[in-house]
Amino acid sequence: MSAVIAAPSYGDAVAEIARAVARAIAPRKHMLVSQWAKDNRVLSSKGSSSPGEWDNTRNPLLVEVMDCFSARSNVHDVVAVFPVQFGKSETETNILGYTMCENPQPIMVALPGEVSANKWIDQKLNPMIESTKAVQRVLTSTNSRESSNRRSFKDFEGGQLYIEHAGNPVRLKSTSVGLLLADEFSSFASELRSGDDPDEMLDGRTSAFPSTYKRFKIGTPEIAGLCRVTELYQASDQRRWHWPCPDCGHEQPFEWAGLQWTPDLKQCWYVCRECGVVIEEHQKTRLIAAGHWVPGNPGAPTRGYQANGLYYPMGLGPRWLELAQRWVRAQGDLAKLKTFINDRLAEAWEDKSTAKAKPNLIKDRLETYRLRVAPQGVLCITAGVDTQDDRLAVQIVGWGRGLVAWVLDYVELAGDPAELLVWAKLTDLLNRGIAHVSGAMLPVEATCIDAGGHRTEYVKHYCRQRLIRRPLCIFGAKPNNAPPLGRPKLEDVNYKGKLDKKGVTIYQVGTVNIKQWLFPRLGADAEREPDARQIHLSEDLDDFYVNGLVSEKYNPKTGRYEKVRGGVRNEPLDTFVYANAAAHHQDLRLHRMSTADWDVRERRIVELSREDWSHVSRETTVPEQIEQTASEAHNSVSRETTPGEVVALSVRAAIDSVLCKLEREPSSVPSAGELATWAAAQGGTPDEVALLAAINSVLQASDGQAIAGVIPADLANKASDVLRGLAPIQRTRRFVRGTRHQGLR
């Protein structure tokens, strides 16, 4: 019996054509990225430890992240902060493959540098293309000799793929894309050599797709304050994966503080923060499968996802016990600890030595002294000037024993440094001097002026004029280990082509060295009493100054300090650094001063402290004037001192008070409070103590007489000579050419 095959009828052919046309014009079925990956992705052994078909249940945390990039999703910006080997790159390749097949458009994948871009192509992109048939079908060509299939460029139906690195500004320009994928975003440079910000340049690539663009920035955190991915996550809706406790049902995320282990590190477990029940690691898979993402900052326009190493799927990452062992081994080793916190906990690293040098903590310990009034401990004053195109930022710093610093003033002088007016303002400011609480006027003894930027020649010209004491024309030193102030180098030459010894001298300032000196002291001051602090800041300083003083963080990768992401201008920090460098001037060398050297400076200030009492109200009585001045001059006296208490003066200050009264009020009678104050004076040389004792003896026996009729002229002259340094040995000032006088200029 022969089989008879019926030929297809005309009607069947028409129906088949109709079905083909219907499929062609039918709307595309709604497909999520996770569904496309499940149907099409095949993991290659070249880039995955578990090759084979993609399974969304292996790591449920990645599903929602991928689905944000589905064609019908209204999410535009996504940031993900994940630990290493958590599936970040596979998530990107799933999004990339889906877009090429289901939602074609121009795509850019950006990586930090050329090396990382090449690795990503070899280990992630090429294996994905080789193992995924759906992607191969949409590529224009798979032939490496074709111009449409180059190493960093792929042409596909409806779009193009660009693989760029963010180290070159040229590669981030002249390209319009609808999908932007930025891998290892935390490692992007803070600033390109052109001065541009790579993040802003990348965001500008999507401007041609204002309603459909999508941007995905993913990475592992690095340095707190410098980390781009952490900064973006803080501004996002901050989603974390919450799972229900198997005992009480309380939903919570896995946190490192909840992991507990035995002292011998042979067992570990997790503790519910609500009921305290013990959770073993074998329960993790079921708990994670029952969880979901919960936003911590609802309403933010950017989606943010964060997970730590406790979420590693079983068999795809370190076990809890191994993480605990690594944590214990890292204690005491800052490099290992930083790596663990960054790579496993997915948190930004912050050096504990500078963790307390934060603006909010510094503002809590501002002190009550006034600006432009040097407190008792100040023995020398220097200044630092930062040059900008439209202003000069000036900071005046007082220095005491052990290079204890008091910020005495910070001001920004408006004006272009190319004009003379702003330099005239600077000259006036630095030549005024600073009032000391003892009554002396202290000069600014050295000033460092930054010559970097666009006004270098004007800075050099100002330093040549020497209108202020010891002007230093400075540049920041390139070596990270440069000393605070390098050796001077002559810059100008005369008409013979030889170095002009009277010309400008250039100094190199080791900014990294000084900042490494400053930041630990700012952090340590948080635990110290006010009198024991190393850096004293007045309450008159505004928030801009405090924020600017700590506006940089140390980056171990570059060995330099870099500006905090989103921070304010750093002129307060720079000018403090320059003032510190000025303290290292070869004529000052405050960092090398001995106790005797500081004693000499302190005695000079006492000699200059015979202040004019005219600034004190005439309605105030003389005893009140003395007690008020003594209280201000001696910072160890409590602010609650009553007018009747005897205030301790130094012997020299007591002698000076007696002479002031003798010269200005010769017909007045010393009060009992004055006599008690002078009698209680302490300290001083044997000659000074003997002289004051003689004066007190005469005054005690005066029996209500006027002071001019009690103190003999020879005793008054001797007291005047002692204060001027002319007694007990008569000294003359002889200046010999070739020697440097030890006194003040």
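Me: What makes Ile17, Val21 and Ile25 a nonpolar patch?
Reply: The model is a predicted one. In it, Ile17, Val21 and Ile25 together expose about 320 Å² of accessible area at the surface. They count as a patch because nonpolar side chains with over 30% relative accessible area are joined within 5 Å.

Me: Why is Ile25 called exposed?
Reply: Ile25 has a relative accessible area of 67%, and exposed means over 50%, so the label applies to Ile25. Ile25 lies in helix 1, which covers residues 10-25.

Me: Which residues touch the most other members of the largest nonpolar core?
Reply: They are Trp399, Leu426, Tyr545, Phe576 and Leu590, in a core of 76 residues. Helix 17 (residues 571-582) is the main contributor, giving seven residues. A separate second core has 72 residues, among them Phe86, Ala134, Leu161 and Trp241.

Me: What is Tyr545 in contact with, beyond its neighbours within four places in sequence?
Reply: Tyr545 is in contact with Gln395, Val407, Tyr410, Leu537, Pro572 and Phe576. Contact here requires heavy atoms within 4.5 Å.

Me: How many of the protein's residues are buried, as a percentage?
Reply: Buried residues make up 48% of the 745. The accessible surface is about 37000 Å², with 50% belonging to carbon and sulfur atoms.

Note on methods:
Residues numbered from 1 in each chain as written. Predicted model: local features only at pLDDT ≥ 70, side-chain atom pairs only at ≥ 80, totals over all residues. Heavy atoms only, no water. Patch = residues over 30% accessible without salt bridge, like charges linked within 9 Å, V, L, I, M, F, W, Y side chains within 5 Å. Areas by Shrake-Rupley, 256 points an atom, 1.4 Å probe, with all protein chains shown as cover. Salt bridge = Lys/Arg side-chain N within 4 Å of Asp/Glu carboxyl O. Helix = DSSP H or I, 4+ residues; strand = E, 2+ residues; numbered from the N terminus. Buried < 20%, exposed > 50% of the residue type's maximum accessible area, 1.4 Å probe, protein only. Core = buried A, V, L, I, M, F, W, Y, C linked by side-chain atoms within 4.5 Å.
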